[in-house]
Amino acid sequence: MTTATVPPAQRRRFHVAPYALLIPAVAILLAALAYPVGWQIVTSLKQYGLAQQFGQPAPFVGLANYLNLFRDSQIWAVVVRSVAFCLVNAVVTVVIGVALAVLMNAVGKACRLILQIGLLLAWAMPVVAAMTVWVWLFQWHIGVVNWLLNHIGFNFTNHNWLEKPLSFYLVATIIVVWMSVPFVSFSVYAGLTQISPEVMEAAQLDGASGWRRFTQITVPMIRPVLMIVLLLQIIWDLRVFTQIRLLQDAGAPLASTDLLGTYIYRVGTGSSDFGMAAAMSVFVLILTMVLSAPYVRSLMKEDAA
Amino acid sequence: MSTALSAAPKANRHIKVGKIIASIAAVALAIVWVFPVYWMVNSSLLPNAVLNSPTPRFLPFGGSLNNFRAVLSGGTFFPALKTSLIVTLTAVVLCLLFAFCAALAISRYKFKGRQGFVLAVLFIQMLPAEGLFIAQYKMMSSVGLLNTAIGLAGLYTAAVVPFTIWMLRGFVAGVPADLEEAAMVDGATRTGAFFRITFPLLAPGLVASGVYAFLQAWNEFTIALVIMQKESSRTLPLWLRGFVQQSNTREVDWGQVMAASSLVALPVIVFFLLVQGRLTSGLVAGAVKG
Amino acid sequence: MKRILSMAAVATAAALALTGCGSDSGSGSAATSASASEAPATTEAAQTGENITFWLIGGDTPQDLRDYLIKEYKEVNGGTLTIEEQSWGDIIAKLTTSLPDPANTPDVTEIGNTQAPTFTNVGAFLDISDMYEELGGSKLLQGFVEVGSVDGKEYALPYYFGSRYMFYRKDIYAAAGVSVPTTLDEFNSTVATLAEANPNNIPDFSGFFIGGQDWRNGISWIFANGGDLAKYENGTWTSTLSDPNTIKGLEQLQQIQQTASKAPRTMKDESPWLYFNDSDSSTAEDGTTTATALAAATIMAPGWAHWSIGDLDADGNRVWNDEKFGVFVLPGNDGKPAPVFAGGSNIAISAKSQHVEGAKDLMRIIFSAEYQTLLAQNGLGPANSDYVSAMGSDEFTTALVESASNAKLTPAAPGWATVEGSGKLEEFFQKVAEGGDVTALAAEYDEILTPMLNGK
């Protein structure tokens, strides 16, 4: 009797309920993003500068902005730098994040709590506040970093960290990794606690070394978490903006330290070439999709399974 | 028997040494991570002259609350705090509600367009926001939501909802539908079953996603910069930025800037420490599905 | 499941309603919209005047002056003047979005003098030629009037001016055996001597501390050698970095950067005084004194920098010390002061203002004798030359007025804000400071800047 009545009811829910449940989320996304994204796509096909913003007609120029973009040698340098920066940061963040998670899992309760609270505090720092502190720590004249390095025997008196692009990116990486590691650590730690101690003990009795246990048991078990965390880091690090902009504000060679976010900002808000900035944004969106496509596909397959 | 007896203490000692090293490493790393936060608080207690000296002072001896007094005397902090709280809490509530419904849909049902929706949710996060501000301004102005907390909260909700759906999806999938049905068999109504069985199991997940949404909305400042142009409608990050920039055109008053930063960070830190336990267990529950 | 759904819907609606209330009561817009909806209230508003908004940028205008404006406006117009303070760092993004928006534009806004040409050219401001004479006419600072004019019509008028001059360490000049230079050539060699002598033996000591990216101070050497950044000919602007006089100035600047300044190459013009004061607190508890913050014998800064220069008193405030610190105006080689970058800002009515009469009332108050005198008394160079004498005669004011007498503005090109926003000048000056080939660099950046100057 029950088996006879339940399936039809389920089938009816099948059609209406999921769509109804999606309405609020879809509505807010459409309301907040449809117009801006549409505007951006249309504007990317126009010549749109400050004069157009103040009411001059904006002529359609077809794909001219995109063509200029592909001819611009600087944008390719920016793309290469951004992708490199994103990959390095994402990998370093995930590696350190996993290491800290393993550490959390290995130590006693008190030490774990200390480490967790340390990470939470860093995570809770507002970006503007964190950047102010970091810029100051790396300040060339009175910065604590130079002072510390001087005291352990190096000569870093008045060393300007932001002057050369490579050392600029080193500082940026330290800051971005510092900010992103807590999220990764907590997510991975959560995954680690799901691995049953019995499995580990059994492996230990079988004589598996620590490293072997980590690569053969731990990593496969937390693979889903690792995949998602890595994907998110790649997405977030490719569009890193605030940290780079505030570091540049502190004094840096602009052209050689621009990443995609700051470059779009400079072309748009800085130079009032909004058509070009819009074209770049569309390009970056497509670039991100292409870069993450293989990854997303395997993720979707797992999801469907 | 005898081998086991003799081996056990040796192995124990081995494990103990390893554990001590790990503990030391954990504490050392905690210090490294917390140092910038500590430095902010330490500096906020020291006078500017000390801060501009090339010899850093690592402990706030001889410090005072003068910087905090100076920062708060402007009278602009509390209105900004109020705006920030309204915007953030609204965004968090809306976000959790919307994302929860959507997560329920995509983890409990197979329907046409499901994959497409999941993909869209992922891709929306790849949108570069730096070129959007003119359009966002025009939109908010045309519907009269410029300089309003509700308008900004709406934009934030849209910005955070995709990731929250992504996160909650795992939690909802982790709660077996059979549990609910079992309760109904025992005579509970569907609503009753949901609140008694499913909801408590989801609570840690909601906390974890809520914390994420809270952080994003609390810290955001590029959208706010354009949408909240009136002084009276400033959020805390804008207030802090105004403070830093004001200092830039005059002498950088690091002490006051650090005091202002501490004030902005304080509510988040308190909130974090309050939900700390639940947050961790929330992330644990989420990891089941990943 | 349907129940869950309806629950969610109810909760959503409730949440929206709640926040709706919250934001309304918080913003105070409820009161305005309520009164606007009542017909009698609107006519009453017309009788009692117009409520207008005025954007000031940065904290340069003291509170007393703001209070004065609000009070006067109430008396003259009857309406309420709301002053919003914006910050320099984000002003372009805000003006770009707000000025074209009739519903949210500030009625009157301050705007940086170098940003004025761009916004004036795109039609952001109201033509106020009809009241130009009434507001002071030819007595207003003409360089600033020019950047706010198009085709002989005035849109943005001067608000206040500032200027840059030199602060020097008397004690170090004496120890190094040099005196205050009286020509530009003398200045260039004096600061090199100072860096070389370094009487206090301070690591990386600068005779003259100027950041590599600091073009706002650096262009003084271009101007002083008769060069310029751009010229206007046959209806188009051309970048003139390759002009022989400009090159000469840039080479002098490069020489200073290489021999006299140890400031970071990435530094702009912010806070040079941090490296100019003694660091009174560098003596540790055990009595050992480490390197001091002092790192420069000379800096170039806007006049108000003197509030940040001096010895520390017990309360941690800086107190100017005549024995140790002095000021002089950067000399030219022709007996006049060198033309330095003229700081300051303009003021204009938004073209989209819905309260033009109120906005004009405010302009009349700002250009009145009382307000111009107040500006002068507060150390801000008044727009109207009649009131400069009210500025007083201490050494700072004297230096300010003297250096301003020959000060020069950046080109009034429609694309100047674009040039500034692009960061290309910082880039160019940094490369010059690093010792690059000036002629090649100048040619390279002329190519980049010329299209920007004309707004494409």
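Chain B and chain A meet in a contact that takes 73 residues from chain B and 79 residues from chain A, where two residues count as in contact if their C-beta atoms, placed from the backbone, lie within 7 Å. This is a predicted model, so local features need pLDDT of at least 70 and side-chain atom pairs count only at pLDDT 80 or more, while totals for chains, interfaces and linings use all residues. Residues are numbered from 1 along each chain as its sequence is written, and chains are lettered from A and ligands numbered from 1 in the order in which they are written.

**Chain B against chain A**
- Helix 1 (2-44) of chain B is among the elements that give two or more residues to the side touching chain A, and others include helix 4 (77-108), helix 7 (149-174) and helix 12 (254-286) of chain B; helices (H or I, at least four residues) and strands (E, at least two) are DSSP runs, numbered from the N terminus.
- The largest share of that side of chain B, 14 residues, comes from helix 1 of chain B.
- By class, the side of chain B that touches chain A splits into 55 nonpolar, 15 polar and three charged residues (Ala, Val, Leu, Ile, Met, Phe, Trp, Tyr, Cys and Pro count as nonpolar, Asp, Glu, Lys and Arg as charged, and the others, Gly among them, as polar).

**Chain C overall**
- Chain C has 17 helices and 15 strands.
- Among contacts in chain C with a separation of 6 or more, 76% are between residues 24 or more positions apart.

**Domains of chain C**
- Chain C is assigned domain 1 (49-163 + 342-404) and domain 2 (164-341 + 423-453), with bounds from an automatic or database domain assignment.
- Taken over C-alpha atoms, the centres of the two domains of chain C are 30 Å apart.
- Their contact takes 11 residues from domain 1 and 12 residues from domain 2 of chain C.
- Helix 14 (residues 395-404) of chain C gives the most to the domain 1 side, with six residues.
- That domain 1 side has four nonpolar, five polar and two charged residues.

**Helix 10 of chain C**
- In helix 10 (residues 215-224) of chain C, 10 of its 10 residues are buried, including C:Trp215, C:Arg216 and C:Trp221.
- The cover over these buried residues includes strand 7 (164-169), helix 9 (184-197) and helix 16 (424-433) of chain C.
- After helix 10 of chain C comes C:Gly226, with a positive phi near 85 degrees.

Conventions. A residue is buried if 20 or more other C-beta atoms lie within 10 Å of its own, exposed if 12 or fewer, and partly exposed in between; C-beta atoms are placed from the backbone.
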